[in-house]
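Here's a quick briefing on a protein–DNA model.

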Amino acid sequence: MPDRTGFWLMKSEPDECSIDDALAAPDRTVAWTGVRNYQARNFIRDAMRIGDGVLFYHSSCPQPGIAGIARIASEPRPDPTQFDPASKYFDAASRADAPRWLLRDVQALRRIPLIDLARLRAHAELDGLLVLRKGNRLSITPVEPRHWHFIVDRLARDT
DNA sequence: GCCAACGTTGGC
DNA sequence: GCCAACGTTGGC
């Protein structure tokens with residue numbers, strides 16, 4: 001048993017990588033590329049631990065919401081897309097000997113019936129969930145244990 | 001260090 | 001496509 005378990009919400013555009021894409025990947029695991037925000041980078045680098053729970057969130061799509069449950073599956077390592085000029089995540093200012101952007105592998109565990117934003121907002125138990133906060137643009141946010149448990153143990157079970 | 005301009009995110 | 005909110009950039 002881990003002596004510490006953290007919880008996260010991670011946004012992915014389903015056009016790029018949906019929960020179904022992740023579940024279909026080898027070992028159901030995908031490299032979480034493309035994080036280009038320092039606060040989110042610091043979560044990846046410093047705060048996450050292997051085994052931490054992940055709410056897999058679909059963003060920038062017709063039905064934004066929590067679409068699945070996943071887990072952090074690796075230590076941090078350099079995001080290779082920052083060095084790929086053909087990638088939209090290419091960062092010419094990042095040097096190979098001092099990579100600016102990191103990623104974690106994320107292992108999908110299961111799909112859940114989509115919990116959309118209206119449904120999330122309808123529960124007072126989820127007041128304070130960062131993804132619901134106005135103007136929030138962070139692609140990775142920490143999730144409080146009480147929020148995690150309410151979502152996973154209650155909402156993800158209803159249909 | 002300030003802050004205006006600009007680019008991006010992301011729901012609607 | 002709109003636009004509010006936020007992060008980054010760069011002149012000073």
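In what follows, Ala, Val, Leu, Ile, Met, Phe, Trp, Tyr, Cys and Pro count as nonpolar, Asp, Glu, Lys and Arg as charged, and the others, Gly among them, as polar. This is a predicted model, with local features needing pLDDT of at least 70 and side-chain atom pairs pLDDT 80 or more, while totals for chains, interfaces and linings use all residues. Residues are numbered from 1 along each chain as its sequence is written, chains are lettered from A and ligands numbered from 1 in the order written, and side-chain values use heavy atoms, leaving out hydrogens and water.

**Around DNA strand B**
- K11, Y57, S59, S60, P64, L117 and R137 sit around DNA strand B (a heavy atom within 4 Å of it).
- By class, that surface has three nonpolar, two polar and two charged residues.

**Phosphate contacts**
- K11 puts a polar side-chain atom 2.7 Å from a phosphate oxygen of DNA strand B.

**Class make-up of the pocket lining**
- Seven nonpolar, seven polar and six charged residues make up the lining of the largest pocket (an open set of points on a 1 Å grid over the protein atoms alone, where a 1.4 Å probe fits, with protein on both sides within 12 Å along at least five of seven lines; lining residues have an atom within 4 Å of a point).

Definitions and conventions
Polar contact = N/O pair within 3.5 Å; in protein donor to acceptor, adjacent residues only side chain to side chain.
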